[in-house]
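Hi everyone, thanks for coming. Let me bring up the sequence and the model, and then we can walk through the rings together.

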Amino acid sequence: MKLKYTAAWVGFTAAAMVAVSACGSEGAKTATSAVDSADKIMAVLSRATDRTDQLGSAKVRMSTDTGTGSTPITMNGTFSWGDGLAMDVRMDTKAANMQALQHSATIRTLFVKGAYYYNVDPQASGPLKGKEWMKVDASALFGDKGAQAFSGSSGGNPAAMLKYLKYASDVKDLGKETVDGQSAVHYRAVVDKAQLGKYKDVYGSAGMNSLTGGADSVTMDVWIGAKDLPVRLKEGFGKATVTMDFEKFGATAPVKAPPAAQTADLTERIKNERSQ
């Protein structure tokens, strides 16, 4: 079975959280005529960043629409940050193109300590013979430097994304909206090609394509609720869109890697397929 497509798209959905966090704190200056408004937006985003960072984890519903007409890939589960990015989610098996390895309607997917783990049906032969988990290191998707940045404590989490929004050019307050039954204020920013280029050295060309789908810009939207926490985060990469809805923050179970004896590491196979 060709695993390249599946691994790349799972990596893409998780990478949505780190794509805008690796640029650091450089950004265009706000126009003088909008200083007062910008200061207010910065204050709101600063509070949301600090609050999100402090809580350290969240229960999330995520959807990735590739824009190609295929069924969006959905994830439901938990994300945690602070001590490196981790997640424990369930995905739609068919949408993730994993039905050859998992007969259940959903497939459990973990990301912990820089690697993805897919809960698969034990196979009768091949590299997954008798194994319940398939492992793919993030380096197979983003290269060694990109994987290190992606897995680190400074990237791959909502707080990092919010921090970058504070420094992005042309941040707008789009007003109050109701999201998931909650009243929230909608903010938007666009990261252009020049800003995306700032982290190409970290992720490389292949990693950049996995992160952005080859797009020249990333549109970021965030809805901040009454408790200074994001209700929804949304990013657009060309035709693709990644949306994260937060059901609750904090108090999630730690994410642990499955037992090594139950795991088959297919990292090198994925790397070889991506190089062809």
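How many aromatic pairs does a search of the whole structure find? The search finds 3 aromatic pairs, where rings of Phe, Tyr and Trp (its six-membered ring) pair if their centres lie within 6.5 Å, and planes under 30 degrees apart count as stacked, over 60 as edge-to-face and the rest as tilted. One of them is Y116 with Y118: the centres are 6.4 Å apart and the planes at 20°, so this pair is stacked. Y116 is buried at 0% relative accessibility, and Y118 is buried at 1%; buried means under 20% relative accessible area, exposed over 50%, partly exposed in between (1.4 Å probe, protein chains only).

A quick word on the source: this is a predicted model, so local features need pLDDT of at least 70, side-chain atom pairs count only at pLDDT 80 or more, and totals for chains, interfaces and linings use all residues. Residues are numbered from 1 along each chain as its sequence is written, and side-chain values use heavy atoms, with hydrogens and water left out.

Back to the rings. F111, Y116 and Y118 are linked into a cluster by ring pairs. F246 and F249 are both buried.

Now to R232. Its charged end sits over the ring of W223, 5.7 Å from the centre (NZ of Lys or CZ of Arg within 6 Å of the ring centre and within 35 degrees of the ring normal). The R232 side chain also makes a polar contact with the side chain of D245, at 2.5 Å (N or O atoms within 3.5 Å; within protein, one must be able to donate a hydrogen and the other to accept it, and residues adjacent in sequence count only if both atoms are side-chain atoms). D245 is buried too, with a relative accessible area of 7%.
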